[in-house]
Structure formats: C-alpha cells, structure tokens
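Please examine the sequence and the structure shown below.

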Amino acid sequence: VFLKGIHIQGFKSFADSVKLELGQGLSVVVGPNGSGKSNIADAVRWVLGEQSAKSLRGSKMEDVIFSGSTQRRPVGMAEVSLIFDNTTGIFPLDFREVTITRRVYRDGEGQYLINKAACRLKDIQELFMDTGAGKEGFSIIGQGRVEEILTLKSEERRSLIEEAAGITKFRSRKREALKRLDATTLNLQRIEDIVQEIE
Ligand code: ATP
C-alpha cells in the first residue's frame, strides 16, 4: 500500500490545513520535541478507525480537535484525509487514487468518507482488511513498542511479522480447512464401513 499524501486540518497541533506529500520509499519526519511528529502518526491511526482516545494520547475523542494556542483560537472540527495510490488496484475500487477521510466535531458528531462519499467505519475496515495496512496491521509501531519488539521471544516475533505480512488470516483458514478435512476423512471411513456391511 502506498500512502501518497496526508491532509490534516484542525487535528491536534495542526490548526491550519497542512498537506504532506510522501514519495516512494522511505519518508522521515524530523523536528524538535513536542513539535507534532507523533501527532502525524496519531492522525493516520485515527483515520484508519482508532476508537480509543487513550491510545491517541487524549482522554476523550474531542481532544484530537485543535484546542487553541497563545496565538490561535480553538477550532470546531478536526479533519484528516489519507490519499492512497490505487494504480495497482490494491483497493477494489475503480479509482487510481483512494482518499479516506475522517471528521469529528466538538459535539462528538463525526463522519467517515471514501473518495468524498460518506461511509461506515466498517467499510473502511473492510477496505484495508486484505492489505496489511489497517489499524491492527502493525504498520504503525509506537515509541514504546520498538523496545518491546526487540525483546520478544523468537516465536512471538515471528507471529508479529506474520500478522504484519497478512499471513495470520491464511494460517487460521488453513486450520479451519484441516479441521474440515479431518471430519470428512472420518465420514468417508464410516461410509466405507457401511458399504462393507452391505456387501
Ligand atoms: P516528541 O519528540 O517529544 O515525541 P513530537 O514531535 O512527537 O514530540 P507530539 O507528541 O506529536 O510531538 O506533539 C505534542 C504537541 O501537540 C504538544 O505541544 C501538544 O500541546 C500538542 N497538542 C496535542 N493535542 C493538541 C490539541 N488538541 N490542540 C492543540 N495542541 C495539541
């Protein structure tokens, strides 16, 4: 999945509309402490459907809306859009670009949009399910997690990589299929027994 751009407005420290363009390959965000680097990662997770205000380092969802500074009055709405490349057709939509947007107002009302059309959170989750880039896809690794990952046991690290690579769902489908195969083998044996009895 190639994230081409991020458009942030009124989210956390981003009072004004900011458009970030990301190139192919590695992008690095640099800046002094507290300048809003982590807020960008929070913005991405938020659009992908993060529901926990705590994991976005706030106490309620409204905390993601720019709350004012010495020079600026607070704003009434936070809006973030992620612009994904879809020339490879990774998303099953007939567009070369897919834009996912989330908005929230101070009264708690909010909206999700796919290419500017209102949708449900579920639609966004489903869109990302097979791409390995969803909220649970380990595509975003927080500060504390790096150390945690380095100290994982090798089996645990393997399962994390498998999850990120989207292998976990195939593993569980394989488990299901093997179970059905076992049941079918048993059924076949019973049929053979019956056939022998009749003969
Ligand atoms: P560090 O390097 O220390 O991790 P950082 O660059 O990642 O810093 P962030 O944690 O992204 O910084 O940004 C924190 C800043 O965002 C703080 O100055 C905080 O006041 C500001 N901030 C967070 N939420 C809001 C909000 N709702 N309104 C205005 N400012 C906010």
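How many bridges join strand β1 (residues 3–9) to β2? There are 4 bridges between β1 and β2, and these strands run antiparallel. The model is a predicted one, in which local features need pLDDT of at least 70 and side-chain atom pairs count only at pLDDT 80 or more, while totals for chains, interfaces and linings use all residues. Residues are numbered from 1 along each chain as its sequence is written. Helices (H or I, at least four residues) and strands (E, at least two) are DSSP runs, numbered from the N terminus.

Strands of a sheet pair through backbone hydrogen bonds, either parallel or antiparallel. Here 6 strands form an open sheet with antiparallel pairing, in the order β2-β1-β3-β4-β5-β6; two strands pair if DSSP finds at least two bridges between them. At the edges are β2 (18–21) and β6 (117–119), each of which pairs on one side only. Within β2, Glu-21 stands opposite Gly-5.

Two helices lie across strands. Helix α1 lies across β1, β3 and β4 (97–105), at about 80 degrees to β3. Helix α2 (residues 121–128) lies across β4, β5 (110–114) and β6, at about 40 degrees to β5. Axes are lines fitted to C-alpha atoms, for helices over the stretch in contact (C-beta atoms, placed from the backbone, within 7 Å), and angles run from 0 to 180 degrees between N-to-C directions.

The loop between α1 (37–47) and β3 (77–85) contains Ala-53.
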